[in-house]
Amino acid sequence: IDAMALPTFSMSEVAKHNKKEDCWIALYGKAYDLTKFGKVHPGGAHLIYDNAGKDATAVFDPIHPKDIMEKLLKPSLTMGNVDPASITAEHI
């Protein structure tokens, strides 16, 4: 996916998608819609849904290869880039 073609969201926009039925998670500066993926996540749905609307890079990074999203997720689930300046402690 060409990063320049994706829209850029503020973290406060990502944070609005904070429910099991509407679950976006920021990882490595990109927002992903993991609403449906959560149900099939090998580590358990709760790990996805507990991080809905947050930047989960810090909890994700130690246990996943960085390129796993590109391998497992359809490109359409990459919603866009996240403005790094908009990520604050409340979002992590």
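How many bridges join β3 to β4? Four bridges join these two strands, which run antiparallel. This is a predicted model, in which local features need pLDDT of at least 70 and side-chain atom pairs count only at pLDDT 80 or more, while totals for chains, interfaces and linings use all residues. Residues are numbered from 1 along each chain as its sequence is written, and side-chain values use heavy atoms, with hydrogens and water left out.

**The sheet**

Colour the strands next. Strands (E, at least two residues) and helices (H or I, at least four) are DSSP runs numbered from the N terminus, and two strands pair if DSSP finds at least two bridges between them. Five strands form an open sheet of mixed pairing, in the order β1-β5-β4-β3-β2. β1 and β2 (18-19) stand at the edges with a single partner strand each, so one side of each is left without a neighbour in the sheet.

Select Leu 27, and then Lys 30 in β4, which stands opposite. Lys 30 also stands opposite Asn 81 in β5. The strands β4 (residues 30-33) and β5 pair in the antiparallel sense over three bridges.

Continue to β5, residues 78-82, where four of the five residues are buried. Here buried means under 20% relative accessible area, exposed over 50%, and partly exposed in between, with a 1.4 Å probe and protein chains only. With β1 (residues 8-9), β5 pairs in the parallel sense over two bridges. Select Phe 9 to find Val 82 of β5 opposite.

**The largest pocket**

Select Phe 37, His 41, Ile 48, Phe 60 and His 64, which lie nearest the centre of the largest pocket among its 20 lining residues.

Which elements supply at least two residues each to the lining? They are β3 (22-27), α2 (45-49), α3 (57-60) and α4 (68-72). The most comes from α4, with three residues. By residue class, the lining divides into 16 nonpolar, four polar and no charged; Ala, Val, Leu, Ile, Met, Phe, Trp, Tyr, Cys and Pro count as nonpolar, Asp, Glu, Lys and Arg as charged, and the others, Gly among them, as polar.

Now centre on His 41, in the loop between β4 and α2. His 41 is buried, at 14% relative accessible area. A polar atom of its side chain lies 2.9 Å from the backbone oxygen of Gly 44.

**The salt bridges**

Finally, display the charged side chains. The whole structure holds two salt bridges, each defined by a side-chain nitrogen of Lys or Arg within 4 Å of a carboxyl oxygen of Asp or Glu.

- Select Glu 13 and Lys 16, whose closest N and O atoms are 3.1 Å apart. Glu 13 is partly exposed at 26%, whereas Lys 16 is exposed at 53%.
- Select Asp 67 and Lys 71, whose side chains meet at 3.4 Å, N to O. Asp 67 is partly exposed at 34%, whereas Lys 71 is exposed at 62%.

Note on methods
1 Å grid on protein atoms, 1.4 Å probe; cavity = no way out; pocket = protein on both sides within 12 Å on 5 of 7 lines; lining within 4 Å. Polar contact = N/O pair within 3.5 Å; in protein donor to acceptor, adjacent residues only side chain to side chain.
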